[in-house]
There are 2 protein chains.
Amino acid sequence: MARKNAFYAQSGGVTAVINASAAGVIEAARDSKVIGKVYAGRNGIIGALTEDLIDTSKETKATIAALRHTPGGAFGSCRYKLKDLETSRRQYERLIEVFKAHNIGYFFYNGGGDSADTCLKVSQLSETLGYPIQAIHVPKTVDNDLPITDCSPGFGSVAKYTAVSIREAALDVQSMCATSTKVFVMEVMGRHAGWIAAAAGLAQEQDGDAPHIILFPEIAFNREKFLKKVQQTVKKYGYCVIAVSEGARYQDGTFLADAGSTDAFGHKQLGGVAPVLAQMVKAELGHKYHWAVPDYLQRAARHMASAVDLEQAYAVGRAAVEMAEAGDNAVMPAIIRGKGKKYSWAVEKAPLAKVANVEKKMPRNFISRDGFGITAAARDYLLPLIQGEAPMPFKNGMPVHARLKLTPVPKKLKGTFEI
Amino acid sequence: MARKNAFYAQSGGVTAVINASAAGVIEAARDSKVIGKVYAGRNGIIGALTEDLIDTSKETKATIAALRHTPGGAFGSCRYKLKDLETSRRQYERLIEVFKAHNIGYFFYNGGGDSADTCLKVSQLSETLGYPIQAIHVPKTVDNDLPITDCSPGFGSVAKYTAVSIREAALDVQSMCATSTKVFVMEVMGRHAGWIAAAAGLAQEQDGDAPHIILFPEIAFNREKFLKKVQQTVKKYGYCVIAVSEGARYQDGTFLADAGSTDAFGHKQLGGVAPVLAQMVKAELGHKYHWAVPDYLQRAARHMASAVDLEQAYAVGRAAVEMAEAGDNAVMPAIIRGKGKKYSWAVEKAPLAKVANVEKKMPRNFISRDGFGITAAARDYLLPLIQGEAPMPFKNGMPVHARLKLTPVPKKLKGTFEI
């Protein structure tokens, strides 16, 4: 058979819409005249290393379509980083062996910055080893920190969930503040960049609306200034709602909360800044508090996904396949925002060399001068990304999610590979 | 004017649909030929005591209709309990003075068990003082612990939110568990009864589905048994998802987590059992964990409300007015489940004397024999309550919520009243 097969894998933290990208890749590949089957890596790149491949051709059309309304990573994702070519050479070689054994000529890697780097290296090494692979990176990350692309699929949905949830909770707090909770702290994801915290700011439509304070990793935490602002807000409005990024830190870089352990990428595992702040408020100002940490709920909330985000996630999946068909290599489909006043977007090609290992920071002019809110520029950027709702089917009161067969592709290589 | 006015107040913790009950009361009263205006208490009963009344007749029809999709308590709620007639006699007398001054003949009190008690006492004392008030209790509580009524408005929505959210988060955890988080703990509300924790069990549709463990306040926490079950689950499925009630406690009654402070009703303010369990798992079994505490997000989540719950919340509001029109006193509209196999419900009258200070416990046969799950009986009871979605209008990516004028009713009494 002349057609080469494709490999698709999900990498890093999953999102509410990463499976929509999977659907985009698989559906476009099924339509393709040059691509054979799509084999998915079970648990991401580990599936390729261990030759644990899933034959997506065994899934029905309806199941693949249902991926559009199924959060999480349907084929399994992983936190497993291939390092540079010298350190991880054996891993890269193994990937090529597996790809060769299964006649795989296309590598679609759906992830964030680390995955873009892996994708680029696979492309480079496959040339060197004489089995050239077209490697296309499919962007995904709730952290919204990929460069070139205007936004990262997955972010718009967590942004919408965050803005809606903090608005709803704020209405609750506001109605009880005369005799009960006066300070409410909601912790959101974002290790290094305050994109999700900034999205909480979209809940504010009029003066006095929550959130009254946003704490970003970009702005060094100042205890006195913070407590003063809390007190002023409670005095003025009767209550104070705070959105805090998990990565909020002091001037010296110390995180406000630090669970102490690190993941495979060497990132600190955070969590728990909300209770730290709440207790600080209680101890210093005496206000009754409540705090919330939605954690995975926020990035899995397909039920509150942004229609724009869902469409973009699907589109970058399809575009990746189209780029592969066109012969592209070491590229990423990026979302490019139109110039007009009305929001528009298109998918364009970005070279992976310019994507890998570059972290997009939030511009300083997105954060208000006092460091506790977002600016009109931030709002102009963020608001289009949460437009539209993305209803999903329900049955018997509960959402219907894809249940895949996950049929394994028979192994062709001898022995096992220790990862 | 012959018509007597009505007083309406929201009490205790608010819900995603308590404002739908307010809409039911106000819209039915507007239709009524015997009831005059509806005055709402600002911040609940405190508004009556301080003569801080809101004239709901100043709100447009559209605004009142919009209450159906606005979470929180639109007129303000409070945690303020009137005690027995001896201790709080001055407060009860003050209520009657305010009601008399504003020609109020109907008292609609929208709350849980404590409010039912207050409502009954207002009815009794108003007779004694020679200014009889018809007092109707409008049921509301996410805790689902009111007696006689089959369920409490507000519960169905938090149940649906909880089941949907833990399902979504579980899909996330499942996809990452090979290399990342293996144990996920989600804390839900429920001080004394595990109704909300039980609702998490609705996420489980097939063997192996999350949640794998539910911890109820009704079942004494056994550390060894719990850790063994976690380990077995991780071994079998690769991950373990746990729903835990904030009221989970040891055999001796000690809560697993206890924030230490108490509210105006003398209830302990809880929060933080999820991190306690997660750290226990980490310390004893070494698994990587994540935990979530949605806190107010769960009871404010109008965006994931149950259509059945919303309809019932509205219906009990309307029914309260109809009961008042019919001359009833010291009653509560209760939701009565039909006998047939297909779920049906009707609103019937329940005497407040049988409601006040009675806490409905979850039947033991709703909890599985091992204490870690729900039974078919629980599922039969719970599933009808989360049926149907309740879409709300969105504008510019965000939900549209009612913004009330909250026009004060001019005061008629001299002096102030210290609460």
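## How the two copies meet

In this predicted model, 100% of the interface residues of chain A are interface residues in chain B too, so the copies meet through the same surface. The contact draws 59 residues from chain A and 59 residues from chain B.

Let's look at the chain A side. Helix H6 (155–176), strand E9 (289–292), helix H10 (296–300) and strand E13 (398–399) of chain A each put in at least two residues. H6(A) gives the most, with 13 residues. Sorted by class, the side of chain A that touches chain B has 30 nonpolar, 19 polar and 10 charged residues.

## How the copies are related

Take chain A, turn it by 180 degrees with a shift of 0.0 Å along the axis, and it can be laid on chain B with an RMSD of 0.0 Å. The two copies are thus related as by a two-fold rotation axis.

## Two helices packed in chain B

Two packed helices are described by the angle between their axes and the distance between the axes. The crossing of H1(B) and H11(B) is right-handed.

Which residues make the contact? On H1(B) they include B:Ala22, B:Val25 and B:Ala29, while H11(B) brings in residues including B:Leu310, B:Tyr314 and B:Val321. By class, the contact of H1(B) with H11(B) has 14 nonpolar, 3 polar and 2 charged residues.

## Helix H9 of chain B

Helix H9 (residues 273–285) of chain B has 13 residues. From its first C-alpha to its last, H9(B) reaches 18 Å, close to the 18 Å expected at 1.5 Å a residue. Just after H9(B) comes B:Gly286, which takes a positive phi of about 80 degrees.

The buried residues of H9(B) are B:Val273, B:Ala274, B:Pro275, B:Leu277, B:Ala278 and B:Val281. What do these buried residues pack against? Their partners are strand E6 (183–188), helix H8 (223–237), strand E8 (240–245) and strand E9 (289–292) of chain B.

## A closer look at A:Arg30

Now hop over to chain A, where A:Arg30 lies in helix H1 (residues 18–31). Is A:Arg30 buried, exposed or partly exposed? A:Arg30 has 15 other C-beta atoms within 10 Å, so this residue counts as partly exposed. A:Arg30 and A:Val142 are 112 residues apart along the chain, and their C-alpha atoms are separated by 28 Å.

Conventions. Residues are numbered from 1 along each chain as its sequence is written. Chains are lettered from A and ligands numbered from 1 in the order in which they are written. This is a predicted model: local features need pLDDT of at least 70, side-chain atom pairs count only at pLDDT 80 or more; totals for chains, interfaces and linings use all residues. Two residues are in contact if their C-beta atoms, placed from the backbone, lie within 7 Å. Helices (H or I, at least four residues) and strands (E, at least two) are DSSP runs, numbered from the N terminus. Ala, Val, Leu, Ile, Met, Phe, Trp, Tyr, Cys and Pro count as nonpolar, Asp, Glu, Lys and Arg as charged, and the others, Gly among them, as polar. A residue is buried if 20 or more other C-beta atoms lie within 10 Å of its own, exposed if 12 or fewer, and partly exposed in between; C-beta atoms are placed from the backbone. Copies are superposed by least squares on the C-alpha atoms of residues with pLDDT of at least 70 in both. A crossing is left-handed if the near helix is turned anticlockwise from the far one by less than a right angle, and right-handed if clockwise. The expected span of a helix is 1.5 Å times one less than its number of residues.
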